[in-house]
Amino acid sequence: HTDITTTQGDRAKLEDLVRNDALTGLRSRTFFNMEVERIEQNHIRPVSVIACDVNGLKLINDYLGHATGDTLLADTALLLRRSLRATDCIARMGGDEFALYWGDRPLDFLIRKARLLVKLVREAFRSSEALRLIAPSIGIVRCDEAGLTLDELIRRADVAMYTAKRGKLGYCVYEPGLEKRSDEALRSGAPDDEGAHADSRF
């Protein structure tokens, strides 16, 4: 006969693996995509999305090893999680990239939160010379309209994030025309600096 208790336990473990990222404890990309589908099906607007990339981890992996890089990634994820409410959805999208979904939050709130995240991560690793390269680049997008899909908003958040990364800005708010300026920067050979620090103004 089938052991129902064991089956239910295995199912719970499988669901946990699907919904959560094993390394960081954050939500998984799969869970985030499920949330995107739910939001779209319910036509929820306004929405806000933050995309976050952790600069410096590639160099840490190359020179100090992947075990050290994984530890730093988990530590960074914990800093991000602690700065949010328990109900906020933050997910590891893969590698050193994270995404955060917020509902109806004003732009000034999102900017304050981005500044806080940049500050928290920078200060956490500032005491070690080897780890001072660790700093986040954050892209912000907010939308009140139903005409734009959440997938498009996530893409725009990514554009803003890479703009922040190349410009060492700490964070960047998406605005129309940002893709064109980003493409021009790439064609001009502007560096994509793995060790980019947040601008000291933030």
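Biologist: How many bridges join strand 2 (residues 89-94) to strand 3?
Modeller: This is a predicted model in which local features need pLDDT of at least 70 and side-chain atom pairs count only at pLDDT 80 or more, while totals for chains, interfaces and linings use all residues. Strands (E, at least two residues) and helices (H or I, at least four) are DSSP runs numbered from the N terminus, and two strands pair if DSSP finds at least two bridges between them. Strand 2 and strand 3 run antiparallel, and the number of bridges joining them is five.

Biologist: Which residue of strand 3 is the bridge partner of Asp53?
Modeller: Residues are numbered from 1 along each chain as its sequence is written, and side-chain values use heavy atoms, with hydrogens and water left out. Strand 1 (residues 47-55) runs antiparallel to strand 3, joined by six bridges. Gly94 stands opposite Glu97 in strand 3, and the bridge partner of Asp53 there is also Glu97.

Biologist: Which residue in the hairpin of strand 2 and strand 3 takes a positive phi?
Modeller: The hairpin has two residues between the strands. The positive phi is near 60 degrees, and the residue that takes it is Gly95.

Biologist: In what order do the five strands stand in the open sheet?
Modeller: The pairing is mixed. Strand 2 and strand 5 (171-173) each pair on one side only, which makes them the edge strands. The order is 2-3-1-4-5.

Biologist: What angle does the direction of helix 5 make with that of strand 4?
Modeller: Axes are lines fitted to C-alpha atoms, for helices over the stretch in contact (heavy atoms within 4.5 Å); angles run from 0 to 180 degrees between N-to-C directions. Helix 5 packs on the sheet and touches strand 1, strand 3, strand 4 and strand 5. With strand 4, the angle is about 170 degrees.

Biologist: How many residues of strand 3 (residues 97-102) are buried?
Modeller: Buried means under 20% relative accessible area, exposed over 50% and partly exposed in between, with a 1.4 Å probe and protein chains only. Strand 3 has six residues and is mostly covered. The buried count is five.
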